[in-house]
Amino acid sequence: MERSWIEISARNLRHNVEALRAILPPGCELMAVVKAQAYGHGASGVSRLLSQIGVRAFAVATIDEGIALRKEGICGAILILGYTDVCRAGDLQAYDLIQTVIDFPYAKALNGQKIAVKVHIKIDTGMHRLGIPASDMRAVEEGFSMQYLNVCGLYTHLSCAENRQAEGIAFTKKQADRFYDLLGGLRERGITIPKLHIQSSFGLLNFPQLAHGCAYVRVGIALYGAVASNADTVLKPDLRPVLSLKSRVVLIRTVAKGEGVGYDRQFVAGRDSRIAVIPIGYGDGVPRSLSGGNGRVLIRQKTAPIAGRVCMDQMMVDITGMEDVAVGDVVTLIGAQGENALSATDVAQAAGSIANELLCRMGARLPIVIKETI
Ligand SMILES: *Cc1c(COP(=O)(O)O)cnc(C)c1O
């Protein structure tokens with residue numbers, strides 16, 4: 001019996017791919033973002049499942065994530081979204097990975113390796129993280145003329161796609177305009193425009209029209225079904241949570257009124273209490289900020305509050321009054337039990353974070369079980 005584990009619903013992952021494909025215009029494909037172990041879902045298992053249903057484009061953050069996918073036998077395009085030391089150009093070529101050109105000096109340095117590599121040039125349209133500034137047409141044009149760079153894509157990233165206030169919408173429009181103005185200029189100079197992409201999950205859900213003319217949308221969090229069910233997005237496809245986080249009750253003790261539980265005696269029993277010990281902690285990715293009554297779990301389809309501080313490897317839960325709870329019971333930290341559910345966004349909110357961070361911190365230690373049917 002595993003102490004704690006991550007459960008992946010293959011069915012819900014496939015469902016989400018279909019739901020997302022249904023809102024893409026013709027010619028636009030899903031680029032599955034599987035960085036950071038597919039947001040804690042396990043990059044190899046998720047990528048294999050996606051390959052089986054015809055996903056042919058993947059995005060990772062690092063070259064080593066890309067190489068790991070190739071070693072798993074993943075075919076199709078694999079785009080590295082972040083920085084790679086140019087001395088690894090040989091690996092880029094050997095594993096047929098696509099490197100992002102993060103700025104103009106980087107393009108020159110990569111070309112200087114004299115190893116033919118595929119690249120997508122990233123354009124900074126206002127995020128001011130990576131990319132050649134959209135105003136610097138000459139630099140982009142020069143990128144296209146570099147001997148060893150095969151420019152097969154051009155893309156940008158939206159900084160406010162989640163924001164549907166007038167000001168947010170105006171900024172997203174400005175980013176798209178800067179991108180397309182640059183493309184217009186490149187066309188005038190006789191450059192054949194390669195594959196284009198602009199949107200991540202919220203870009204697609206809030207600005208679906210931007211997918212027209214694009215080869216890809218780069219979707220992460222929506223693919224994993226971890227968009228808040230009440231998120232105020234323009235499109236609301238039926239996305240279902242792919243990941244559940246589970247553990248078990250390993251010990252139940254009674255704690256007398258006035259006694260403390262765990263580090264710092266942060267929880268002091270206000271009555272004679274029943275406390276369940278659960279073998280999962282922040283070393284497994286459960287945020288420590290769920291301590292002190294901020295977090296809860298599901299046991300026997302009911303919610304129970306976390307008692308005191310979340311420890312590295314375990315935590316305690318107050319099950320006073322839940323007489324049927326027994327050692328061996330499954331504890332759900334993210335996911336559903338009967339009618340009750342704790343979504344990744346609920347848990348992230350309780351922890352003062354977002355689902356992306358919560359999920360991608362998971363899985364360092366936990367086994368991942370892929371379920372075909374649930
Ligand atoms: C992580 C990332 C994505 C995916 O973002 P989601 O919001 O999870 O869909 C897309 N594009 C870039 C550049 C990213 O870094």
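A backbone N or O atom of Ile-221 lies 2.9 Å from an oxygen atom of the ligand. The protein covers much of this ligand: 89% of the 390 Å² of accessible area that the ligand has on its own. This is a predicted model.

For Lys-35, the distance from a polar side-chain atom is 2.7 Å. For Tyr-39, a polar side-chain atom lies 2.5 Å from an oxygen atom of the ligand.

| Residue | Protein atom | Distance to a ligand oxygen atom |
|---|---|---|
| Lys-35 | polar side-chain atom | 2.7 Å |
| Tyr-39 | polar side-chain atom | 2.5 Å |

**The shell**

There are 14 residues around the ligand. Those that come nearest are Lys-35, Tyr-39, Ser-201, Arg-218 and Ile-221. By type, the shell holds five nonpolar, five polar and four charged residues. Which elements each supply at least two residues of the shell? They are helix α2, residues 35–40, and strand β10, residues 216–219.

Another part of the model concerns helices α1 and α3. Helix α1 spans residues 10–21, and helix α3 spans residues 43–52. Their axes come within 10 Å. They cross at roughly 55 degrees. An angle from 65 to 115 degrees would count as roughly perpendicular, and one under 35 as roughly parallel. The two helices, α1 and α3, are therefore oblique to each other. The crossing of α1 and α3 is right-handed.

Terms used:
Residues are numbered from 1 along each chain as its sequence is written. This is a predicted model: local features need pLDDT of at least 70, side-chain atom pairs count only at pLDDT 80 or more; totals for chains, interfaces and linings use all residues. Side-chain values use heavy atoms; hydrogens and water are left out. A residue is near a molecule or strand if one of its heavy atoms lies within 4 Å of it. A polar contact is a pair of N or O atoms within 3.5 Å; within protein, one must be able to donate a hydrogen and the other to accept it, and residues adjacent in sequence count only if both atoms are side-chain atoms. Accessible areas come from the Shrake-Rupley method with a 1.4 Å probe; for residues, only the protein chains shown count as cover. Helices (H or I, at least four residues) and strands (E, at least two) are DSSP runs, numbered from the N terminus. Ala, Val, Leu, Ile, Met, Phe, Trp, Tyr, Cys and Pro count as nonpolar, Asp, Glu, Lys and Arg as charged, and the others, Gly among them, as polar. Axes are lines fitted to C-alpha atoms, for helices over the stretch in contact, and angles run from 0 to 180 degrees between N-to-C directions. Angles under 35 degrees count as roughly parallel, over 145 as roughly antiparallel, 65 to 115 as roughly perpendicular and the rest as oblique. A crossing is left-handed if the near helix is turned anticlockwise from the far one by less than a right angle, and right-handed if clockwise.
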